[in-house]
Amino acid sequence: MRVVRTVTELRAELACARAQRGTIGLVPTMGALHEGHLSLIRSAFEQCETVVVSLFVNPSQFNEHSDLERYPRSEARDARLAARAGADLLFAPSAQEVYPGGFATSVEVLGGLTEKLEARSRGSEHFRGVTTVVTKLLCMALPDVAYFGQKDAQQLLVIKRLVADLNLPVRIEARPTVRDHDGLALSSRNALLSARERARALALPAALEAARESARRGERRAEALLAAARTTMEGRGVEPEYVALVEPETLNEVPTLEQTALLLLAARVGEVRLIDNSFIEPAPAPNISQLQSREAVAQCNA
Ligand code: PAF
């Protein structure tokens, strides 16, 4: 795997792949790679002839300076892991390369998708920072396919909107959230948790499971499902920043669980802000004979 730091080098490296008409896959990352990133790189390796991993901690998407300062950085380790997972090129530009003097353009997805949930907590600049840098990375590498994780569900939808609206010639592939053995969604920020905080962070997957379990038992009211998630988090000493049950494509809140919905949540554990989400299905409506036998049991018990 080659490490390149400038757009000129990146394009020179990719010229050959492009001339041979091989497909190029891009996995954009901010480094501190974990199994979630590696699963994206492996997917790219399976589907594309050339795999580029970008590593750039993008200052413009951080709303808190302290979060940017302490974001874990480990380029040598990342390079080893990316190579092992199948990357051909690691594109690790400087901030100067991405935002040279005089840089004055931003790309913004407007409307509902970028105004709710994460945007409420992190400000609208967050998604503007993401969409600007992702547009730049796509223009720099001109990949056929770009890979993103479902863990950042709102980011994924915003990027799909961006690509559709600007007719960018790239296919966006989403991959499921990768979890640790105990259910905690992998995130570069997990490295910043103390052992105690990591144990408390399990409140997030537990809350998702509590809501799913309630849905499996037949609960469909959003209010009740959200309460199940919220009380689970609070019971484990974690104050939710938001818990929302939404339609998976629009992120509009749903009052009842009629079809597959997305349950999203965010919370701070110590100084670390974590997010997680899960699809949630309504339990199938009971059929006539199930209703009849329930009625028979009820009559028997009466
Ligand atoms: O998901 C991330 O790591 C970042 O938001 C991304 C897509 C690499 C843009 O900086």
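1. A polar contact is a pair of N or O atoms within 3.5 Å. In this predicted model, an oxygen atom of the ligand lies 2.8 Å from an N or O atom in the side chain of Gln155, so this pair falls within that cut-off.

2. The residues around the ligand are Pro28, Thr29, Met30, Asn58, Gln61, Val133, Val134, Phe148 and Gln155. Sorted by class, five residues of this shell are nonpolar and four are polar, while none is charged.

3. Two elements of secondary structure deserve attention here. Strand 2, spanning 24-29, and helix 7, spanning 124-141, each contribute at least two residues to the shell around the ligand.

4. Helix 7 also contains Thr131. Is Thr131 buried or exposed? Thr131 counts as buried because its relative accessibility is 0%, and buried means under 20% relative accessible area.

5. The side chain of Thr131 has a polar atom 2.7 Å from the backbone oxygen of Phe127. Leaving aside residues up to four places away in sequence, Thr131 touches Val107, Glu108, Val109, Val158 and Leu162. Thr131 is thus described by its place in helix 7, by its burial and by these contacts.

Note on methods: Residues numbered from 1 in each chain as written. Predicted model: local features only at pLDDT ≥ 70, side-chain atom pairs only at ≥ 80, totals over all residues. Heavy atoms only, no water. Near = heavy atom within 4 Å. Polar contact = N/O pair within 3.5 Å; in protein donor to acceptor, adjacent residues only side chain to side chain. Helix = DSSP H or I, 4+ residues; strand = E, 2+ residues; numbered from the N terminus. Nonpolar A, V, L, I, M, F, W, Y, C, P; charged D, E, K, R; others polar. Buried < 20%, exposed > 50% of the residue type's maximum accessible area, 1.4 Å probe, protein only. Contact = heavy atoms within 4.5 Å.
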